[in-house]
Number of protein chains: 2
Amino acid sequence: MKETTLKEIAETLGISITTVSKALKNYSDVSEKTRKAVYALAEELNYTPNSFAVNLRTKESKTIGLIIPEVVHHFFSNVINGIIAEAEKNGYLVIILQSNESLELEKKQVALLINKRVDGIIMSLSNESNNDFHIKEILRKEIPFVQFDKISKLIPSSKVIINDQKAAMEAVQHLIDKGCKKIAHIRGLENPQNSIDRFIGYKKALEKNGIPFDPKLVYACKSITFEQGVVFAKQIIEDDLGIDGIFVITDLVAIGVLAHFNEIGIQVPGQIAIIGFSNWFVSQVISPKLSTVDQPNYEMGVAAFGLLLEEIVCRKNGKPFEPKIVELGTSVIVRESTLKK
Amino acid sequence: MKETTLKEIAETLGISITTVSKALKNYSDVSEKTRKAVYALAEELNYTPNSFAVNLRTKESKTIGLIIPEVVHHFFSNVINGIIAEAEKNGYLVIILQSNESLELEKKQVALLINKRVDGIIMSLSNESNNDFHIKEILRKEIPFVQFDKISKLIPSSKVIINDQKAAMEAVQHLIDKGCKKIAHIRGLENPQNSIDRFIGYKKALEKNGIPFDPKLVYACKSITFEQGVVFAKQIIEDDLGIDGIFVITDLVAIGVLAHFNEIGIQVPGQIAIIGFSNWFVSQVISPKLSTVDQPNYEMGVAAFGLLLEEIVCRKNGKPFEPKIVELGTSVIVRESTLKK
């Protein structure tokens, strides 16, 4: 890369490097004539201040790191969108890393970002991750840090969350209100907090309505995929337990269930009602349209960057920082897949 | 952020900063005993080399910039995935910026990345962008640069592309082979090269089969959305021109057409066959399943980073660089929406 330096500008104009530098910073001890000459030449030669040198001086990189489990994911891509939009407004760039749900990769990526001296880190944990050393390390180094969506409750950082228990309770209550008597739950993986909380919400809703909890009605995903939904749809028909409603951990899996039921002629919602979670775009374009829980995603990204910036500014000014938790609202979206007559 | 410095390590061990620095670089004139002591203390104190200082020395940021029109998009999120996976393998971080299809924003982002001294830039142009100054500026500064998907043919950089004309011809030929006599085209916006090329492919396929081109059968999108598909589906029924097949610029719009036809009881493919473009995940889960053109996306990201790295290495070694064009293959995916009996 060909680069114009302060030295070239100084030599061309026959003045000192210090004068050039002062002129570019609009110092008052440089004459207006010199200042104009320096600006004109800098523009002509296409001078760009060396950002490494600027970083070294200010100790700020104006860059933040974002680690998420998956980029190709309706929810996460919307969160990314919110984060980079808000970061850009505030003059920050965003480095995005994908953990692929691997704890090993996530550890490596945290180390990379720390080494890169980012001004802060925003993260949604991989399914394998929890109260681990590499996360504590971020806090120990006093690097501004915000968790969102898949969080560790044990890590005392700022967080943007939804109330998964409450949201799940509302989804199951909706099935009960529509007359479902035997409600299955296709739950997520063992580790992630949101998977645990949605399962608890399912149980609480049953309890509240005097319906006994039956572990046989709980199907635990090995992977969060369309195919997993197809597998459990087959299983549910085979088990033949009289299930008339299903609350599914997320829309992608719910759509797999729906696709198989459509194929073998099970009426949805007539025979079995289905409600998903996360209001993925696809839910509105399939047939029957899928009822689901709407979860803010773009807003979650905006809030996460907001909390991070608060911490960055606070620490820069040498003030003690108290982590904050922002809880965003959710709502049940009623579509065809639960509209029993 | 609390940081351990070389000075602290030197003072604690009672040796010079130079010795600490040499020890950490494994210089041979430092005794094994001192080297071990320095490493042990550096580890204990959690010393991280200052990457700004390292950057200033090596003139490499090991960071690349990626500008794309949209993050929340099946195709682009897969490309991002390919780029960051490949970058990571090679020790590079990726800053991602979203132009929101705005030329103004794109210009600002290019300037930001140049100022940030990224080692290279990968870009898919916004719909408004073409042979513009900000792009030429990247080349003028000899910053390694790769275009993919939405490219400007006039900018002599490396490129990863598909053959949109050929792919579109194959899609339309498929409709003709299935017996369609009056084929409409829902085309993309005016400016993007891929929109122009797919339109040319549509015309060439008609010509090759002796079907006269009729401009009344071409519907030009104002936005690439589901809703736009619904609007044109209504229009096509209203126009009542005897259309029995539609080639749609992309799956998202095609699904809008399909949704409206489903709603008003038009049989697909019985009355009107539909083929989309880009093999979006949703195409397989709607009913009827959508025929489409499969376009490599993850592979496109991998290839784009590969070309960029080639240029980075070449320029680093002071060798002249010749831009390369990689063309990836496409294929027609036949599903229910074109399976006429």
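Analyst: Two strands pair if DSSP finds at least two bridges between them. Strands (E, at least two residues) and helices (H or I, at least four) are DSSP runs, numbered from the N terminus. The model is predicted: local features need pLDDT of at least 70, side-chain atom pairs count only at pLDDT 80 or more, and totals for chains, interfaces and linings use all residues. Residues are numbered from 1 along each chain as its sequence is written, chains are lettered from A and ligands numbered from 1 in the order in which they are written, and side-chain values use heavy atoms, with hydrogens and water left out.

In chain A, 4 strands make up an open sheet, in the order E7-E6-E8-E9, with parallel pairing. Its edges are strand E7 (218-220) and strand E9 (273-275) of chain A, each of which pairs on one side only. On average, neighbouring strands of this sheet are turned by 15° against each other, direction ignored. Axes here are lines fitted to C-alpha atoms, for helices over the stretch in contact, and angles run from 0 to 180 degrees between N-to-C directions.

Strand E8 (residues 245-248) of chain A runs parallel to E9(A), and 3 bridges join them.
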